[in-house]
Amino acid sequence: MKLASLKGGRDGRLVVVSSDLRRAADASPIAGTLQSALDRWAEVEPRLRDLERRLESGDEAGFAFDPAGCASPLPRAYQWADGSAYVNHVDLVRRARGAELPASFWTDPLMYQGGSDAFLGPRDPIDLPDPGWGVDFEGEIAVVVDDVPLGASRDEALAAIRLVMLCNDVSLRNLIPGELGKGFGFFQSKPASSFSPVAVTPDALGDAWREGRLHLPLHSWFNGSAFGRPDAGIDMTFDFGTLIAHAARSRRLSAGTIVGSGTVSNRSEDGGPGRRVDEGGVGYSCIAELRMIETITAGRPTTPFMQPGDTVRIEMFGHEGDSLFGAIEQIYFPVGSDTAWAA
């Protein structure tokens, strides 16, 4: 089953979307918003699946689905906890800052609590005012959970996953060192994130969803050129069950909590840091990793972070080439800037 939130009000309007992302049906008679559905999942899920069946069979006519009219599936959430499951990514970006990777990072997940009061829609511009902050995209996988008890086990955590999404966790790379140097974590360096047009139940992903991982390449394009296609099921040191259990170690998680994987990242075949797509590798899911590779190979980074007018697209495809979640497509459009470049 695929669900989306059309723009309107703070929390959008819930719709069920066909598997091919072409049609949608109004779900508001069942649950007005996705959060409302998650709060009553055991009650409303069968009714949503019946609406899905009628939409797929043609018994429910529905209407044309337009991702441009979507907010993020949860336009705001009670909690957004982002992990760093791909330790290869953590290693690379820390090396770029001249910081060593502690051995514990391979056994104890990193996680931060991001802002969740106002997410960007999948086609909304990234409207940060200062390119000097080092605007970067980060392609991730995210899950939405039901209520998770305090001290939940990994198996309990996995059983609580209700939906899977893609994420662009926007980062301000030039603000991160100063914030982390204070010893108190991210805040200003982690602005609003965006999520894919639709959220998908794990069963709809078939055999690609197994053992708490999504085993498919995550594609990204930067200014129209292929930038990355790492497999989200490879080199994921901590699966989603482990990440959710980590978050629930000392707190209960409420229905609608979003947990992110961190930037999807693969090593190269020889165990190295990975190669660019145009060099035959799987590339990267953020600019920071490419800059680190450039530093390793040429002594300094040459690819700038996002500049006004730059675009990013993040998408995942099924085995038959079908778009599973729809695409995140965003342009960096600084508020109050000279917009002559956009003509």
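How many salt bridges does the count come to? The count comes to 21 salt bridges, a salt bridge being a side-chain nitrogen of Lys or Arg within 4 Å of a carboxyl oxygen of Asp or Glu.

1. **Before you start.** This is a predicted model, in which local features need pLDDT of at least 70 and side-chain atom pairs count only at pLDDT 80 or more, while totals for chains, interfaces and linings use all residues. Residues are numbered from 1 along each chain as its sequence is written, and side-chain values use heavy atoms, with hydrogens and water left out.

2. **Salt bridges at E329.** Let us begin with R123 and E329, whose side chains meet in a salt bridge at 3.3 Å, N to O. R123 lies in the loop between β7 and β8 (135-136) and E329 in strand β20, so this pair ties together parts that are 206 residues apart in sequence. Strands (E, at least two residues) and helices (H or I, at least four) are DSSP runs, numbered from the N terminus. E329 also forms a salt bridge with R313, with the closest N and O atoms 2.8 Å apart. Because R313 lies in strand β19 (residues 311-316) and E329 in strand β20, that pair ties together parts 16 residues apart in sequence. R123 is partly exposed at 28% relative accessibility, E329 is partly exposed at 30%, and R313 is partly exposed at 27%. For these labels, buried means under 20% relative accessible area, exposed over 50%, and partly exposed in between (1.4 Å probe, protein chains only).

3. **A salt-bridge network.** Next, look at D136, E138, D169, R173 and K190, which are linked in a network of salt bridges. One of its pairs is E138 with R173, where the closest N and O atoms are 3.5 Å apart. This pair links distant parts of the chain: E138 is in the loop between β8 and β9, and R173 is in the loop between β11 (171-172) and α5 (176-181), 35 residues apart. E138 is buried, with a relative accessible area of 4%, and R173 counts as buried at 12%.

4. E140 is buried yet has no salt bridge, and the nearest side chain of opposite charge, K190, is 5.6 Å away. For charges, Lys and Arg count as positive and Asp and Glu as negative, with His and the chain ends not counted. A polar atom of the E140 side chain does lie 3.2 Å from the backbone nitrogen of G262. Not counting residues up to four places away in sequence, E140 touches a set of residues including W80, D82, M165, D169 and G262; contact here means heavy atoms within 4.5 Å.

5. **The nonpolar cores.** The largest nonpolar core has 67 residues, and I141, L214, M316 and F325 touch the most other members. Leaving aside neighbours within four places in sequence, M316 is in contact with residues including I141, L166, L214, A232 and F325. A second, separate core of 30 residues includes A25, A31, A77 and A255. A nonpolar core is a set of buried Ala, Val, Leu, Ile, Met, Phe, Trp, Tyr and Cys residues joined through side-chain atoms within 4.5 Å.

6. **An enclosed helix.** Why is helix α6 (residues 240-247) largely enclosed by the rest of the structure? The reason is that six of its eight residues are buried. These are F240, G241, L243, I244, A245 and A247. The buried residues of α6 pack against β7 (111-113), β9, α4 (154-159), β10 (161-168), β14 (209-210) and β18 (258-260). D239 caps the N-terminal end of α6, with a side-chain oxygen 3.1 Å from the backbone nitrogen of G241.

7. **Cysteines.** The structure holds zero disulfides, a disulfide being a pair of cysteine sulfur atoms within 2.5 Å. The sulfur of C70 is 16 Å from the closest cysteine sulfur, in C167, which is too far for a bond. C286 is in no disulfide either, as the nearest cysteine sulfur, that of C167, is 13 Å away. C70 counts as buried at 1% relative accessibility, and C286 is buried at 0%.

8. **Y332.** To finish, find Y332 in the segment after β20 (328-331). Y332 is buried, with a relative accessible area of 0%, and its side chain reaches the backbone oxygen of L128 at 3.2 Å.

Terms used
Polar contact = N/O pair within 3.5 Å; in protein donor to acceptor, adjacent residues only side chain to side chain.
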